[in-house]
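Take a look at the sequence and the 3D structure below. This report walks through a few backbone details and then turns to the ligand.

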Amino acid sequence: MKINGTPYRTIWPTADNTAVEIIDQTKLPHEFVTLRLNTMHDAERAIRDMQVRGAPLIGVTAAYGVALAMREQASDAALAEACSALLAARPTAVNLRWGVEKMRGLLASMPQGERAVAAWQEAARIADEDVAINAAIGRHGYEIIDAMHQAKDATVNILTHCNAGWLATVDWGTALAPIYTAFDAGIPLHVWVDETRPRNQGASLTAWELGQHGVPHTVIVDNAGGHLMQHGMVDMAIVGTDRVTARGDVCNKIGTYLKALAAHDNGVPFYVALPTPTIDWTLQDGVKEIPIEERTPEEVTHIAGLCGDGQVRTVQVTPQGSRAANYGFDVTPARLVTGLITERGVVAADAAAMRAALTA
Ligand code: MRU
């Protein structure tokens with residue numbers, strides 16, 4: 001996608017192929033800063049500190065992390081150490097495990113002398129594959145938006161939560177890919193952007209990238225969605241996901257479940273867009289089985305923003321001494337999901353349908 005007219009991905013190899021660069025997402029939307037990751041530990045830190053975030057991008061960064069480790073030392077021990085360090089960086093998005101295991105699977109049986117080059121090529125291939133997958137998600141999701149537009153013959157209002165746009169992937173995004181595809185095709189649409197406390201991925205990242213692309217949007221507080229749905233102001237919701245179980249339960253940023261409940265109560269279609277590597281075929285019951293990340297309480301007690309003097313500052317919003325809990329994700333049961341928009345088509349959130357459509 002373009003930033004001020006210049007095409008960017010969220011992660012790319014340096015010109016001399018010795019490191020990778022990323023967009024530091026902790027600085028957006030007020031500053032656009034790129035960062036160089038020279039080592040596996042740089043990649044691990046970037047994932048842990050959420051300089052890169054979003055399930056697919058975490059997976060690709062982890063793959064490059066393994067490749068960076070192989071540059072330094074390509075032994076079996078170094079491979080094992082890199083994989084376990086990266087796997088521990090964040091717990092919920094299964095794409096991290098997918099990316100790491102894909103690299104391990106390729107490298108483990110290979111002579112050590114060949115690992116560095118092969119790892120670099122494989123990480124680049126995984127990144128390219130992510131772009132192609134998301135473009136296909138965009139095409140399938142476009143059909144849904146187009147049908148809605150034809151039925152309504154007016155602006156289509158779409159609600160999204162967190163950031164599942166191109167910043168959360170290598171390019172295009174998952175939930176936002178259908179939106180960009182429909183917008184580029186000339187369908188009039190407007191996006192309701194949940195701010196997504198505590199880290200404000202909606203207000204900071206989704207609003208920023210939609211704005212860069214010229215897509216009309218409005219930021220709302222996290223609790224506004226139900227009200228808008230009751231008043232017919234939301235035609236559909238599309239969200240991303242960090243892990244989908246084999247029976248279609250969907251784990252995504254905290255607050256997604258409440259949006260799905262409100263959508264269900266108001267007859268608003270609730271779609272989840274995902275690349276198939278986000279499916280964890282080993283799990284069934286998402287509520288019981290998916291590990292939910294708990295982050296530092298300071299993300300709840302404090303908030304950062306741009307001050308009148310042009311400086312970004314962090315301020316405390318809670319009383320001194322109040323405790324805070326910071327659960328990063330929740331699980332939306334499959335019964336609340338209208339459909340899964342994947343690169344292989346739109347599939348029901350149902351064990352049999354998913355197995356038939358996605359494992360053949
Ligand atoms: O904590 P984050 O910002 O990594 O959470 C991101 C999300 O929850 C996204 O919705 C999800 O990863 C899908 S990204 C295409």
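Where does Pro 29 lie? Pro 29 is in the loop that runs between strand E4 (20-23) and strand E5 (34-37). Keep in mind that this is a predicted model.

## Two cis peptide bonds

The peptide bond from Leu 28 to Pro 29 is cis. Its omega is near 5°.

## A positive phi

Which residue has a positive phi although it is not a glycine? The residue is Met 50, and its phi is about 65°. Most residues other than glycine have a negative phi. Met 50 has its place in the loop between helix H1 (40-48) and H2. Helix H2 (55-72) comes up again below, in the shell around the ligand.

## Where the ligand sits

Next, the ligand. The space that the ligand takes up is the largest cavity. Two elements each give two or more residues to the shell around the ligand: helix H2 (55-72) and strand E11 (250-253).

## Who surrounds the ligand

How many residues are around the ligand? There are 19. Of these, Ala 55, Arg 90, Gln 201, Asn 252 and Lys 253 come nearest. By type, the shell divides into seven nonpolar, eight polar and four charged residues.

## Contacts and burial

Now look at single atoms. In Ala 55, a polar backbone atom is 2.9 Å from an oxygen atom of the ligand. In Arg 90, the side chain is involved: one of its N or O atoms is 2.8 Å from a ligand oxygen. In Lys 253, a polar side-chain atom lies 2.7 Å from an oxygen atom of the ligand.

How much of the ligand does the protein bury? Taken alone, the ligand exposes 420 Å², and the protein buries 100% of that.

Methods. Residues are numbered from 1 along each chain as its sequence is written. This is a predicted model: local features need pLDDT of at least 70, side-chain atom pairs count only at pLDDT 80 or more; totals for chains, interfaces and linings use all residues. Side-chain values use heavy atoms; hydrogens and water are left out. A residue is near a molecule or strand if one of its heavy atoms lies within 4 Å of it. A polar contact is a pair of N or O atoms within 3.5 Å; within protein, one must be able to donate a hydrogen and the other to accept it, and residues adjacent in sequence count only if both atoms are side-chain atoms. Accessible areas come from the Shrake-Rupley method with a 1.4 Å probe; for residues, only the protein chains shown count as cover. On a 1 Å grid over the protein atoms alone, a cavity is a set of points where a 1.4 Å probe fits but cannot get out, and a pocket is an open set with protein on both sides within 12 Å along at least five of seven lines; lining residues have an atom within 4 Å of a point. A molecule sits in a cavity or pocket if more than half of its atoms lie within 2 Å of its grid points. Helices (H or I, at least four residues) and strands (E, at least two) are DSSP runs, numbered from the N terminus. Ala, Val, Leu, Ile, Met, Phe, Trp, Tyr, Cys and Pro count as nonpolar, Asp, Glu, Lys and Arg as charged, and the others, Gly among them, as polar.
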